[in-house]
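Open the model in your viewer and keep the selection tool at hand. The tour below goes from stop to stop, with something to select at each one.

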Amino acid sequence: MDGENQSVVSEFALLGLGHSWNMKVLLFMIFLMLYFVIVTGNIIIMTLIITDPHLHSPMYFFLANLSFVDMWLSSVTTPKMITDFLRENKTISFAGCMCQIFFAHFIAAGEMVLLVVMAYDRYVAICKPLHYSTIMNLQKCIGLVVSSWTVGFVHAMSHIVVIVRLPFCGPREIDSFFCDLPLVIKLACMDSYNLDLLMNVGCGFVGITCFILLLISYTYILLSVHQRSKTGASKALSTCSAHISVVVIFFVPCIFIYVCPLNITWLDKFLAVFYSVYTPLLNPAIYTMRNKEMKIAMKRLWSYYMGSHGKT
């Protein structure tokens, strides 16, 4: 049994995106630019929140953590995808593949829980404003963020301890731009149906549970405020619209990739790109464009920078 369980595949071949050289060069330039915007945008948000005293509140503390998570979520797969556009031989080592699976699920599950935490923060702020500062104290905020990372770590470990022990003896081609869990499982030299189902249940437990909690939270917020005033619902929707937008664009691709897979190659690739590139790209745009305080903070930072630059 020990001999059968040992992997004899030292690396996997990634088929990636695009086939013609011109298409690969175009995609290289597009995704390089997008990745630069992702990293820069999220670093700017974290810098604003850390340096501006007006943004030292629980909501922006969680937003800074979300930007940090988004930056690393994209960094797990995007740099490899970008460099592979210019390579003829797109391979990834067995250890590198396992690392991609681990960190992709670690960070994604952590972000799901973090979005639930952000919904809870909005619930307390809107429904219990007088007790907000007492309930959402610094110690509790740190504890909630640590909890999100803990859930992500446990979720990722529960997958990787199983995947790393699978017998891989060929084929070794992965029809994607990174080591996606469902595709790697299919390469195992065994009947993977039950394992595939088990992994879907594991991902579904985290994903669907968080999604349902988010739906309940935001529905309760809107109903609670609507009962107080007729205009309350629109105000609450305005406050929470950025959060709701992020939830939708993050959870929908995850659900169709890992919980209810469609098994359509081109669609799976599109959803994987959307989830790993466009979601981290859209989050900074949504929170900065729809948040008045963030806009003001950006103007203050720009004024300070221009003033300091002018003096020198």
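This is a predicted model: local features need pLDDT of at least 70, side-chain atom pairs count only at pLDDT 80 or more; totals for chains, interfaces and linings use all residues.

At what angle do the axes of helix α2 and helix α3 cross? Select residues 21-51 for α2 and residues 58-75 for α3. Their axes cross at roughly 160° and come within 9 Å. An angle over 145° counts as roughly antiparallel, so α2 is roughly antiparallel to α3. The crossing of α2 past α3 is left-handed.

Next, show the side chains where the two helices meet. On the α2 side, select Y35, I38, V39, N42, I43, I45, M46 and I49. On the α3 side, the residues they meet are Y60, F61, L63, A64, S67, F68, D70, M71, S74 and S75. Sorted by class, this contact between α2 and α3 has 13 nonpolar, four polar and one charged residues.

Select residues 94-127, which form helix α5, and residues 138-163, which form helix α7. The axes of α5 and α7 lie 7 Å apart, and the helices pack at an angle of about 150°. Here the crossing is right-handed. The contact of α5 with α7 has 18 nonpolar, five polar and one charged residues.

Which strand holds I92? Select residues 91-93: this is strand β2, and I92 is in it. Is I92 buried or exposed? Buried means under 20% relative accessible area; I92 has a relative accessibility of 8%, so it counts as buried.

Show what surrounds I92. Leaving out residues up to four places away in sequence, I92 touches E11, F12, L14, K80, C97, Q100 and C179. Then select V252 as well and draw a distance between the C-alpha atoms of I92 and V252: the gap is 28 Å in space, and 160 residues in sequence.

Finally, clear the selection and view the whole chain. How many helices and strands does the chain have? The secondary structure comes to 12 helices and three strands. The C-alpha trace spans about 65 × 50 × 35 Å along its principal axes. For 312 residues, a compact globule would have a radius of gyration near 20 Å, and the chain's 22 Å agrees with that. Of those 312 residues, 50% are buried. Among contacts in the chain with a separation of 6 or more, 77% join residues 24 or more positions apart.

Notes: Residues are numbered from 1 along each chain as its sequence is written. Side-chain values use heavy atoms; hydrogens and water are left out. Axes are lines fitted to C-alpha atoms, for helices over the stretch in contact, and angles run from 0 to 180 degrees between N-to-C directions. Helices (H or I, at least four residues) and strands (E, at least two) are DSSP runs, numbered from the N terminus. Angles under 35 degrees count as roughly parallel, over 145 as roughly antiparallel, 65 to 115 as roughly perpendicular and the rest as oblique. A crossing is left-handed if the near helix is turned anticlockwise from the far one by less than a right angle, and right-handed if clockwise. Contact means heavy atoms within 4.5 Å. Ala, Val, Leu, Ile, Met, Phe, Trp, Tyr, Cys and Pro count as nonpolar, Asp, Glu, Lys and Arg as charged, and the others, Gly among them, as polar. The radius of gyration is taken over C-alpha atoms; the globule rule is 2.2 Å times the number of residues to the power 0.38. Buried means under 20% relative accessible area, exposed over 50%, partly exposed in between (1.4 Å probe, protein chains only).
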